Structures are given as C-alpha cells and as structure tokens.
Amino acid sequence: MTLNFDLWVDRSHSDSLKWHKYNNQDVIPLWVADSDFTAPPQVITELQQRVAEGVFGYGFTPPELTELVVHRMRERHNWHIKPEWIVWLPGLVCGLNVAVRANVTQHQTSLLPMPIYPPFIQAAQSEGRGYKAVPVIQQHQRWVADFAAVESQLDGSEKLLMLCNPYNPGGTVYRREELLEQQAFAQRHDLVVCSDEIHCDLILESGLQHIPFASLNDDAAQRSITLLAPSKTFNLAGLGASMAIIPNTELRRKFLETSKGIVPHVNILAFIAATAAYRDGDAWLEAQLDYLRANRTLATTRINAMPGLTMLAPEGTYLGWIDASALPVADPYRFFVDAGVGFTSGAEFGAPSFVRINFACQRALLEKALDRMDAALQELTR
C-alpha cells in the first residue's frame, strides 16, 4: 500500500473549521488539532459503501468495534478491559463535561494541570463549579505536572483529578513512575481520575510506550474514567466516535445517568469509520507516525533556531508548545497571525506568552509557515 502524506488536499473552500477560520486571508492555519491528511483508504471505502445503502436509520454499536477496542487495548497498551466498561460518546469533550457533572457538585472542585487543553477548563467551570490548578513545569526537557506544589493548598473540596496523557499542549508522554505518583496523589486525597488519552497512539519518541492510567493497578482502575477516540489517530474528528472506559460499576452508573437525555448517540457513519480504522488502519498509522516524526524534527530544529522562541520536542501528539515569552511583543498569537501563520493562542490554555503549533500537515506547508515565522522575527529584531 502506497501512502502519500505529501498529497495536497485543498480544504480552504470546504467545511473545514481549521481552514475556515482564516478564510480569504493569507494565513496558514496550524491551530486546531485535526490533520490535513486523508483518512486511511479502508475507512473511505467502507464509508462510501455504507452511504450507498441509502438508508440512515437509528443504529447500534457494532459488536466488531467493541471487540477491536478490547483487543487494541490489550495488544497495544497491555490493558485488559471488559466490553461492558466501554461507554460510547459522540465526542471526547462531552465526556470531560459528564465526568465533572457526575463527580463534582457545585460546592466542590476539580484539579487540572495548567496550562491545559481549553475544554478541561470549561468543563471544570460548568454550572459555576470551581477548579484548582496544578502547575506544569519544565523538567529535564519535558513538561510535567508538579503535584507537590499544590498539595499543601488542598482543603478536601477536591473530588476529581483531570489528567491529559500524552499531554496537550506540551506533548509529554508520562512514564510509569510518574503515573504511579499521580495515582498515589489521587489515593491520598480520595480523587476520581478522569484521564484524557486521546493521543495515545501518536507516540513520536523512540522507545516510549503509552501507559493507560487505569492499567497501573486495581486502585487506579477503580477510581478512573479514561477518555479515548480514534479521531486524532486517524483524522476522523468530524465524525465523532469517542469512548469512556470505566471499570468501576458505580462510577459507570453515575456517568451513564448524568449522560441520559443530554448526550446523543454516536453517528452510524462514525461507527463505520472507527471500526474500519481500528481493524485496517495500523499500516496507515505507522506511515503517518514516520511522517510526523520528520515534521517534528523540522519544526523543533527551525523554531529553536529563531530569536526569542523555544520549543521542547514533543514526545507524543502532533502539537508543539512554543514559548514566545522572550519576544518583545504584547501578543505572540496576533504577531504570528499578522505574519501569516495561525497558531492556537496560549491564552486559551492559561499561558498567553505561548502559542501551540499543529504540525500534522504537508511538509511543504509547514516549511512555508516556518519561513514566514523566520522572516517576521528577523524583521522584528533588526
């Protein structure tokens, strides 16, 4: 199978949220976390076959998909799950919100690593709830959450710890000993743990492996809600097939009860795509990972050579977290938009001196964006 990730797909006049943001502007969009790559061929084929049937009534979860998820967790992540633990969702973000509403009252709080993917913050604040930040610090060229820094500030109102592994925006892939420390922290403070692991198949650093929080031991499993999806892995975000894996019967009951009447069923085409991707998409995934690794090297090398910018090489995801605090500009996001490159503003993550880059695009486009950045910074520092 020949796969060409350099193939240009013009999304500028399509329904793409990513490309529509800067419609009719000369701005390269490297922001929201979807890629510009066509989905695996078998996904496209099976979607076309399903559409050709011409009937789109109510559907149910394909038993094959459940079996594929169980098998995938066991073979790729050494996590032995049961089919009944899986709760299907039409998106991961609604899973964050359900996890908060099911486990945190309006007089209680969640704990979040900060900076963090913005929907974490929005979910934690739903219906007037509060949250406390766990600072993320740079340690040995990696971004890690500093739980020791927040422990003395806890007052017992904390009920939910929200984790993100691989970490968005910093790209950290947490090691087993770090996850065990997170679990010990949750155990000491009797916290439910909601772990967003949507980027788990996008490991870029050689020799690393994703370890699900819930796979650590029985205590971790029984206090965990793990959120997953094929969407980032196979570029299926617009279809919306995600899942919560919840081993604890009571946590799963509360999650389902909270979802009732609010969270819609998964789209039947999303189920088709997810099934095809998990069954037949791994050769495509491996080729994509090779391409992303080269893009990561290009982006990291070029950005760290630019005046006023630093970026740690992300270990996972296709997202880079650029520190622009040394730039003599009030708003780095706006500076780069004016230069023709559209990142995600770090202000959305709680860190306005940063921007987030999505390098899951054709290499020629990435090079063009890096050239624009370089030119703008050279002009700035003259």
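The model is predicted, and local features need pLDDT of at least 70, side-chain atom pairs count only at pLDDT 80 or more, while totals for chains, interfaces and linings use all residues. Residues are numbered from 1 along each chain as its sequence is written, and side-chain values use heavy atoms, with hydrogens and water left out.

Let's begin with an open sheet of eight strands, in the order 2-9-8-7-6-3-4-5, with mixed pairing. Strands here are DSSP runs of E with at least two residues, helices are runs of H or I with at least four, and both are numbered from the N terminus. Two strands pair if DSSP finds at least two bridges between them. Strand 2 and strand 5 stand at the edges with a single partner strand each, so one side of each has no neighbour in the sheet. On average, neighbouring strands of this sheet are turned by 25° against each other, direction ignored.

| Strand | Partner strand | Bridges |
|---|---|---|
| Strand 8 (residues 224–228) | Strand 9 (residues 242–245) | Three bridges |
| Strand 11 (residues 319–323) | Strand 14 (residues 354–358) | Five bridges |

**Helices on and beside the sheet**

Helix 10 (residues 249–259) lies across strands 2, 7, 8 and 9, at about 20° to strand 2. The axes of helix 3 (residues 63–77) and helix 11 (residues 268–280) come within 9 Å and cross at roughly 40°. Axes are lines fitted to C-alpha atoms, for helices over the stretch in contact, and angles run from 0 to 180 degrees between N-to-C directions. The two helices are therefore oblique to each other (under 35 degrees is roughly parallel, over 145 roughly antiparallel, 65 to 115 roughly perpendicular, and the rest oblique). Among the residues making this contact are Leu65 and Leu68 of helix 3 and Phe271 and Tyr278 of helix 11; contact means heavy atoms within 4.5 Å.

Four strands form another open sheet, ordered 10-11-14-13, with antiparallel pairing. Here strand 10 and strand 13 are the edges, each with a single partner strand, so one side of each is left without a neighbour. Tryptophan 321 stands opposite arginine 356 in strand 14.

Alanine 351 sits in the loop between strand 13 and strand 14. Its relative accessibility is 11%, so alanine 351 counts as buried (under 20% relative accessible area is buried, over 50% exposed, and partly exposed in between, with a 1.4 Å probe and protein chains only). Beyond neighbours within four places in sequence, alanine 351 is in contact with Pro115, Trp321 and Gly346.
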